[in-house]
Amino acid sequence: MMTKAAQPSARTFTQDARRAQIVQATIETLADIGYSKASFSAICRRASLSSTGMISYYFSGKPELFREVAQTILTESGTVVEASIASEVTYRGKIGAYIASQVTIVIHRPMYAQALAEIVAMAQARQIVGLDDIARNALSVERLVNLLEQGCEAGEFHTSDFRLTALAIRGAIDNVVRHHHLREGGVDLERCARELVDLFDRCIASV
């Protein structure tokens, strides 16, 4: 029997598949009813499992499960963002790619964005302990700060406060997404992404 401390390399293909099934069901549950109602029973029903004991067999509790969910979302989202950034040659293009790809993730993976927002809210409200680092990673603007600094060194940007600019960009993205969720999909995210890219390009580009 697999113990709770078993490392990924010690798991079988079937065990990994079952964990992935539970993680996906948790993402859908968080996105649908929020963290306050995301009980093991609710997740169990979503995953079509016979009992909550199946979840407890693979995860020691909610902290471990929600950590795995957040890491799954952050890893997949990070891959999309980094690929978009890498496809651009200029730093202006890279900043635009960062903004557009963050919005694209919400368009194509809306449940991922909502579930991650629920986990961050859960960590900030101290509903589940041990998730502070996950919340920090989700809210981090270090990638943007680095791109802005490199862009300034290359002569493409004129901003002097990299972190403040990064926070403004990240805040604009998050608020557009939040508005989209509040209006239940009533915001044209693709148009918003284009306008955000153009807005910040004009604000920080060195002309």
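I call a residue buried under 20% relative accessible area, exposed over 50% and partly exposed in between, using a 1.4 Å probe and protein chains only. The model is predicted, so I kept local features to pLDDT of at least 70 and side-chain atom pairs to pLDDT 80 or more, while totals for chains, interfaces and linings use all residues. Residues are numbered from 1 along each chain as its sequence is written, and side-chain values use heavy atoms, with hydrogens and water left out.

**Overall layout**

I started with the fold and found 10 helices and zero strands, taking helices (H or I, at least four residues) and strands (E, at least two) as DSSP runs numbered from the N terminus. The C-alpha atoms fill a box of roughly 65 × 40 × 30 Å along the principal axes. Of the 207 residues, 41% count as buried.

**Cysteines**

Next I looked for disulfides, meaning pairs of cysteine sulfur atoms within 2.5 Å, and the count came to zero. Cys-192 has its closest cysteine sulfur in Cys-203, 16 Å away, which is too far for a bond. Cys-203 is in no disulfide either, as its nearest cysteine sulfur, that of Cys-152, is 14 Å away.

**Helix α9**

I then followed α9, whose 21 residues reach 30 Å from first C-alpha to last, close to the 30 Å expected at 1.5 Å a residue; that expected span is 1.5 Å times one less than the number of residues. Its buried residues include Ile-169, Arg-170, Ile-173 and Val-177. Seen down the axis, the buried residues of α9 fall within an arc of 145°, so they line one face of the helix; the arc is that of the directions from the helix axis to the C-beta atoms. On the face turned away from the buried side I noted the exposed residues Leu-164 and Leu-182.

**Largest pocket**

Last came the pocket, an open set of points on a 1 Å grid over the protein atoms alone, where a 1.4 Å probe fits, with protein on both sides within 12 Å along at least five of seven lines; lining residues have an atom within 4 Å of a point. The largest pocket holds about 900 Å³. Among its 30 lining residues, Gln-102, Leu-116, Ala-138, Arg-170 and Asp-174 lie nearest the centre. Helix α9 (162-182) is one of the elements that give two or more residues to this lining, but α6 gives the most, with eight.

Conventions: Points joined across faces, edges and corners; volume = space filled by probe spheres on them.
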